[in-house]
Amino acid sequence: MLIEGRHHRTIWPLGEGGQGPVRIIDQTRLPHDLAFVDLEGLEDAAVAIETMQVRGAPLIGATAAYGVALAVRADPSDAALEAALARLLRTRPTAVNLRWALERVGNALRPLPPERRGARAFALAAAVCDEDVAICRAIGDHGLALIAAIAAEKPKGEPVNVLTHCNAGWLATIDWGTATAPVYRAQEAGIPVHVWVDETRPRSQGAALTAYELAEQGVPHTVIVDNLGGHLMQHGRVDLCIVGTDRTTRTGDVCNKIGTYLKALAAHDNGVPFYVALPSTTIDWRIGDGVREIPIEERSGDEVSWVAGRTDDGRIERVRVTPATSPALNYGFDVTPARLVTGLVTERGVAPASAEGLAGLFPEAA
Ligand code: MRU
């Protein structure tokens, strides 16, 4: 999608044939600075995921794939390959795309003679990225049909109001995004659309990243505090919710950024459709009970106690917003049970959030 009018992806290799570093957009600097970081080796990739320079389930998986490529380029031995896979798997616990990407790359590289692993790993990482772009675009097509159906029921010219949480936009993927892909496709199709952007404390991925990418793309949007959604829904100002997910069980339970569950409850109470947009790479076919089986990341309480922002004279400053002695608790994700989800928007169509619904679309995986 666009930054300053130029098309970008979130990650790409520099140089021909896997010889150079891998470039990322440093998402910890957005929306105030557009800065790039070059990943030169395994540790750079692992730290980029841990520090959330890259984040969002599909992009975490793609960065991990490139991390393996950088590692085996430096040392293609069996021991180095296994160490790289293990190091990257430890970076973040919740988004299952990480495990998916590492298993895919690891399984493809192990049978190869070491001297062929480097080039193959870069090709695999590129394939993970290209496939994600195609998948997100297909999610956009299926989600567009949902938005178009709502638009057809509204007075001509009145925008469809979409509420989203966190950043499941193109910055969380390689391009297009998951939850935002239907919005961008609607914009292309000339359907008026407006997005309510949950700020998504504590790290503010909505306020910092979703608002940034919608602004760059020229999509009308309004940033709201995390607690406003229920009120807006009660007053008929949300036509549908579309969120992303970091891991969806084979039964349709959805794990996403903390606060998603409360939005789903409010949507359910107000009869607002609540859709989850996801690539099939985010489905964990091995588990059925999201609340009990999905590992939930717990992050530093400092993310709750401190906020960062830009001052009028351009400095980035951190300020404390809680008493110095008050502890803070910071779980990164929650689980929305399948019964609260209207539908799962995948690259193969919209499925009911159920084991049967997902198995119907992905029989080979189920
Ligand atoms: O902690 P983050 O920023 O990695 O969390 C991201 C989210 O929760 C996204 O909504 C999710 O990964 C879906 S990405 C298309």
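Me: Before we get to helix packing, how are the axes defined here?
Reply: Axes are lines fitted to C-alpha atoms, for helices over the stretch in contact, and the angles between N-to-C directions run from 0 to 180 degrees. Keep in mind that this is a predicted model.

Me: OK. At what angle do α5 and α6 pack?
Reply: About 65°, with the axes 7 Å apart; α5 covers residues 117-153 and α6 covers residues 181-188. Angles of 65 to 115 degrees count as roughly perpendicular, so that's what α5 and α6 are to each other.

Me: Left-handed or right-handed crossing?
Reply: Right-handed, as α5 passes α6. On the α5 side the contact includes Cys136, Ile139, Leu144 and Ile147, while α6 brings in residues including Ala181, Pro182 and Val183. By class, that contact has 8 nonpolar, 2 polar and 4 charged residues.

Me: What about α3 and α4?
Reply: Helix α3 (residues 78-89) packs with helix α4 (residues 97-109) at about 175°, axes 10 Å apart. They're therefore roughly antiparallel. Leu81, Leu85, Leu88 and Leu89 of α3 meet Leu98, Arg99, Leu102, Gly106 and Leu109 of α4. The class count for α3 with α4 is 7 nonpolar, 1 polar and 1 charged.

Me: Switching topic: where is Arg247 found?
Reply: In strand β10, residues 247-249.

Me: And is Arg247 buried or exposed?
Reply: Buried, because its relative accessibility is 7% and the cut-off for buried is under 20%.

Me: What does the side chain of Arg247 reach?
Reply: The backbone oxygen of Thr94, at 2.9 Å. Beyond residues up to four places away in sequence, Arg247 touches a set including Pro93, Thr94, Arg99, Asp253 and Asp284.

Methods
Residues are numbered from 1 along each chain as its sequence is written. This is a predicted model: local features need pLDDT of at least 70, side-chain atom pairs count only at pLDDT 80 or more; totals for chains, interfaces and linings use all residues. Side-chain values use heavy atoms; hydrogens and water are left out. Helices (H or I, at least four residues) and strands (E, at least two) are DSSP runs, numbered from the N terminus. Angles under 35 degrees count as roughly parallel, over 145 as roughly antiparallel, 65 to 115 as roughly perpendicular and the rest as oblique. A crossing is left-handed if the near helix is turned anticlockwise from the far one by less than a right angle, and right-handed if clockwise. Contact means heavy atoms within 4.5 Å. Ala, Val, Leu, Ile, Met, Phe, Trp, Tyr, Cys and Pro count as nonpolar, Asp, Glu, Lys and Arg as charged, and the others, Gly among them, as polar. Buried means under 20% relative accessible area, exposed over 50%, partly exposed in between (1.4 Å probe, protein chains only). A polar contact is a pair of N or O atoms within 3.5 Å; within protein, one must be able to donate a hydrogen and the other to accept it, and residues adjacent in sequence count only if both atoms are side-chain atoms.
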